[in-house]
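Colleague: Could you open the model for me and take me through it?

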Amino acid sequence: MGDLIIKNIAQLVTMRGPNRLRQGEEMRDVEILENGYVVVKDDKIIAVGTGDVYKNYLENHTAVVDATGLVMTPGLVDSHTHLVHAGSREHELTMKLEGYSYLDILKAGGGILNTVQKTRKASFTELYDKAKKSLDIMLSYGTTTVEAKSGYGLDVDTEVKQLEVAKKLNDTHPVDIVSTFMGAHAYPSDYKDNHEAFIETVIDMMPYIKEHGLAEFCDVFCERDVFSYEESLYLLEKAKEYGFMLKIHADEMDSIGAVDIACMLGCVSADHLVETKEEDFEKLAKYHIVANLLPATSFNLNKGYAKARKMIEAGCGIALSTDYNPGSSPTENIQLVMQLAGLKLKMTPKEILTAVTINGACALNREKEIGSIEVGKKADFVLFDVPNIDYLIYHFGINHVKDVYKNGKLVVHNQRVCYKEE
Ligand code: IZC
Ligand code: ZN
């Protein structure tokens, strides 16, 4: 019987269906129950339906919440972030406005390398406190599962420090964190002219990180002037040998073959895909690779947007993420990403919801546990103070969350985090 019942939900977006990537037209096939209810026992969902059938689950101790006028969705999944880092890069804003590109700033020793310097110097506690603050913001916007990449150390001690911060936060904070090792994020200044040596340094970090359970995924910034096609392929091949699942930063500024690497090695996701050639869309679809799109980055860099409509036509399965990082996407707000996906990527509200729930879960290999509201899954869900899902995308730039539940516990109430510190 139930510990918690949420009843009278105006629109309950269940996302029920196959626990795998929803591709092409499937992204629009979303179940929405009117006057729905959800029953929770411990940390799991035990019943989902409509009307007053929930009464069968009532016991003396059952807490009942009335969600009249509210929309419920699964907890949102932010499957691409650079969560753990020190400092910020607002000093680069004016350069950017004057026309310097993201890669110009990196070449001049700024950008990622600026954050690397600060992250190397920062203590564990400084990194932990800053990331925790961001996680609280993410949670207050409805995100209950987050991916977190390393890549601001570029040396073994700092990469491990970043991943250990993420691991501790996963233990102490209600948001679940899935970690990715991204030692191949940029070439540190002292390896500028010795790429081979740096690549071997990154590969040497892999066994330690794997053996200590510090990351499930490995990612590479495959980009012109960063890691070349050959370098990215070699690094990810090694990561695969060490047992990591793979991701790739693909075609953000230039298309240099990252999608082919993703297909060859079976990457779980290929991320960005702004400059991807249209003939590559079918490859992503055929190999069931999650097309992880990051429109807040395009918005922030004032660049082009991924061709989501053509991707969906080609049968791709799209996820959407913030790419939260101090350079190209300083925002934790996944609702803004959803709204940009509507306004700039021309995705429909149903496609957008698929992208930030079940498809996001697929990008993190969590599709059996999260990403939909159905019996047996984790009781992670969001109550939005909106009349319907269209409104969530239409009224942009504000936080529509009312309450968030994680593992069956109320963790955000009236937009404020209210979980107990562990
Ligand atoms: O700090 O600039 N694109 N990596 C690749 C980033 C953005 C993060 C950063
Ligand atoms: Zn990224």
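This is a predicted model: local features need pLDDT of at least 70, side-chain atom pairs count only at pLDDT 80 or more; totals for chains, interfaces and linings use all residues.

Colleague: What is the strand order in the open sheet of eight strands?

Modeller: The order is β6-β7-β8-β9-β10-β11-β12-β13, with parallel pairing. Strands here are DSSP runs of E with at least two residues, helices are runs of H or I with at least four, both numbered from the N terminus, and two strands pair if DSSP finds at least two bridges between them.

Colleague: Which strands stand at the edges?

Modeller: Those are β6 (76-78) and β13 (318-320), and because each has a single partner strand, one side of each is left without a neighbour in the sheet. From one strand to the next the twist averages 25°, with axes taken as lines fitted to C-alpha atoms (for helices, over the stretch in contact) and angles running from 0 to 180 degrees between N-to-C directions.

Colleague: And which helix packs on the sheet, touching β8 and β9?

Modeller: That is α6 (residues 195-211), which touches β8 (176-184) and β9 (217-220) and whose direction makes about 150° with that of β8; contact means heavy atoms within 4.5 Å.

Colleague: Now the metal: which residues coordinate the zinc ion (ligand 2)?

Modeller: The zinc ion (ligand 2) is coordinated by His-80 (NE2), His-82 (NE2), His-249 (NE2) and Asp-323 (OD), at 2.1 to 2.8 Å. Donors are N, O and S atoms within 2.8 Å of the metal (3.2 Å for Na, K and Ca), and since water is not among the atoms, sites may look incomplete.

Colleague: What are the angles like at that zinc site?

Modeller: They run from 77 to 162° among the four donor atoms, and the site is irregular. Four donors count as tetrahedral if all angles lie between 85 and 135 degrees; four count as square planar and six as octahedral if opposite donors are over 155 degrees apart and all others between 65 and 115, and anything else is irregular.

Colleague: Where do His-82 and His-249 sit in the chain?

Modeller: His-82 is in the loop between β6 and α1 (93-97) and His-249 is in strand β10, so the pair, 167 residues apart, links distant parts of the chain. His-82 and His-249 are buried, buried meaning under 20% relative accessible area, exposed over 50% and partly exposed in between (1.4 Å probe, protein chains only). In strand β11, Asp-271 stands opposite His-249.

Colleague: How many disulfides are there?

Modeller: The structure holds zero disulfides, a disulfide being a pair of cysteine sulfur atoms within 2.5 Å. For Cys-218, the nearest cysteine sulfur is that of Cys-267, 9.5 Å away.

Note on methods:
Residues are numbered from 1 along each chain as its sequence is written. Chains are lettered from A and ligands numbered from 1 in the order in which they are written. Side-chain values use heavy atoms; hydrogens and water are left out.
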